Every structure is written in structure tokens, then in C-alpha cells.
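Me: Can you walk me through this structure? I have the model open and want to know what to look at.

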Amino acid sequence: YHNIPQVKFTTVLRSQIERNLPEVIKKIETVIGYPVFVKPANGGSSVGINKAKDTAELTEALRVAAQYDRKILIEQGVNVREIEVSVMGNEEPLVSQPGEICSSNEFYDYNAKYENDDSYTKMAADLPVYIVNQIKEYAKKAYQVKTTVTKTINGKTKKVKETAQSAMVIIDHKTGNVVGTVGVLGEKGAGELNRATQSVRQ
């Protein structure tokens, strides 16, 4: 999507889960396989995100995510380092140097972010210059993606094009290849360009 590398993903609706859960699970296992990350498509702060390694865990993860959103994003679990950047600005956005998230848990869930003091961020990720440049390029591109957002303005509801709220790129810790996903707002984009990935502590 938008020439930005993506892990395998699919989306399902809460109504599909309620109507035929076995069919939803079969779709996920066929399209992606295990492990997967399951998350509310339009959520934040890792609320409602779970990792599933088998059918039982996937069933529970779908149930939890459906409590927070009508649209659920399921992404392939990959063994990666999680690299983050800050992107600021409008027509000419600026991209910070990358930092590396080192999670205290198996992945960077709500507990690891806000409740566990053992998580930390390396303010300067140890990466080759060409990887740093590639990450910054993808982050800037993701930040500038226009997505459709429904807004109510002066009592009238209409669809408008907006840029992303945030962006993140992750890389494979063995090969150095960029394989990650990015966070994007929007009616279409939020379900297709978001992140829920495993992080690896060095």
C-alpha cells in the first residue's frame, strides 16, 4: 500500500464475528496463519491488542478487540526490532532520528507501555545509516498518506481527506530489511495501515 512494506494482514467486522466466528477464524488461519496480532482498527495505546498463537487464543483476542471497535485488524506476527520515529510538520514534514523500543513483555502491550518500569527506549537506535534513511523515508511517506475521514462540521457530516496522525516503521532484526507497518488515521486507512508487532529485546 502506497509503496510501503506491509506484513500480511486482514480485517474483519464485529458483525462477522458475531454471525459466524468459525468462518472468521478459518479465514485468518488460511490467509495469515500463526502467530497473529489482533487489535481494534482505530484504537491507540495498545488497548485491546493481543497476540494469538492458536485457535483458542485467537478466539479470545477477537472477543476482546470487538469490545473496542466494529472493525478488527489482524496482522502477521513477525520477529523484529521495533523502531520508532517522530514526524512533525505539514507540507515539509521533519523526521526525527530513530529510537528503539525495548519491551518488558513479549510485545509492547499496554502493560509494557504504561505499567512496567522495565520497558525502555534507546534514544539512538544502533542501525546502519542506509537503514536509518530508509526508515525515515517510509515514515515520511506514511505520514503524508491521505485517508478518508468522516467529520461533522457545522452540523453537516461529510468525508474529507486528512494526513496520518502518526507513523512507525519496524525492521527485521536478523536481515535488517524494513518489514513493518505504519499507523494511519482514516475510514479506509486505519484498517489497512496500522501496527501491532512483536518487539525483541537485544
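**Inside, outside and the cores**

Reply: Let's start with one residue. Ile 83 has 0% relative accessibility, so Ile 83 counts as buried, since the cut-off is under 20%. Keep in mind that this is a predicted model.

Me: Where does Ile 83 lie?

Reply: In strand S5, which covers residues 79-84. The C-alpha atom of Ile 83 is separated by 9.3 Å from that of Cys 102. Those two are 19 residues apart along the chain.

Me: How much of the protein is buried?

Reply: Buried residues make up 47% of the 202 residues. The protein exposes about 10600 Å². Carbon and sulfur atoms supply 47% of that area.

Me: What is the mean pLDDT?

Reply: The mean pLDDT is 81. Of the residues, 75% reach 70 or more. Over residues 181-202 the pLDDT is below 50. That stretch has 104 contacts in the model beyond near neighbours in sequence.

Me: OK. How many helices and strands are there?

Reply: There are 6 helices and 13 strands. Take the contacts with a separation of 6 or more: residues 24 or more positions apart account for 61% of them.

Me: Which residues touch the most other members in the largest nonpolar core?

Reply: Val 36, Val 38, Leu 58, Leu 62, Ile 72 and Ile 74 do. That core has 16 residues. At least two residues come from each of helix H2 (21-31), strand S2 (36-40), helix H3 (55-65) and strand S4 (71-76). H3 gives the largest share, 4 residues.

Me: Which residues of H3 are buried?

Reply: Leu 58, Ala 61, Leu 62, Val 64 and Ala 65. Look down the axis of H3: its buried residues fall within an arc of 160°, so they line one face of the helix.

Me: What covers them?

Reply: The cover includes strand S1 (9-13), helix H1 (14-19), H2, S2, strand S3 (50-52) and S4.

Me: And H2? Which residues are buried there?

Reply: Val 24, Ile 25 and Ile 28 are buried in H2. Their arc around the axis is only 95°, which puts them on the same side of H2. They pack against S1, H1, S2, H3 and S4.

Me: What does the face of H2 turned away from the buried side carry?

Reply: That face carries the exposed residues Pro 22, Glu 23, Lys 26 and Thr 30.

Me: New topic. Where is the cis peptide bond?

Reply: A cis peptide bond joins Tyr 34 and Pro 35. Its omega is about -5°. Pro 35 sits in the loop between H2 and S2.

Me: How far does helix H5 reach?

Reply: H5 covers residues 129-143, so 15 residues, and reaches 21 Å from its first C-alpha to its last. That is close to the 21 Å expected at 1.5 Å a residue.

Me: Which residues of H5 are buried?

Reply: Ile 131, Val 132, Ile 135, Tyr 138, Ala 139, Ala 142 and Tyr 143. They cover an arc of only 135° around the axis, which puts them on the same side of H5. On the other side, Val 129 and Tyr 130 are exposed.

Me: Last one. Glu 18 and Glu 92: buried or exposed?

Reply: Glu 18 is in helix H1. At 63% relative accessibility, Glu 18 counts as exposed. Glu 18 and Ala 66 are 48 residues apart in sequence and 9.4 Å apart in space, C-alpha to C-alpha.

Reply: Glu 92 is in the loop between strand S6 (87-88) and strand S7 (94-95). Glu 92 is exposed, with a relative accessible area of 63%. The C-alpha atoms of Glu 92 and Lys 140 are separated by 9.4 Å. Along the chain, those two are 48 residues apart.

Notes
Residues are numbered from 1 along each chain as its sequence is written. This is a predicted model: local features need pLDDT of at least 70, side-chain atom pairs count only at pLDDT 80 or more; totals for chains, interfaces and linings use all residues. Side-chain values use heavy atoms; hydrogens and water are left out. pLDDT is the predictor's confidence in each residue, from 0 to 100. Contact means heavy atoms within 4.5 Å. Buried means under 20% relative accessible area, exposed over 50%, partly exposed in between (1.4 Å probe, protein chains only). Accessible areas come from the Shrake-Rupley method with a 1.4 Å probe; for residues, only the protein chains shown count as cover. A nonpolar core is a set of buried Ala, Val, Leu, Ile, Met, Phe, Trp, Tyr and Cys residues joined through side-chain atoms within 4.5 Å. The arc is that of the directions from the helix axis to the C-beta atoms.
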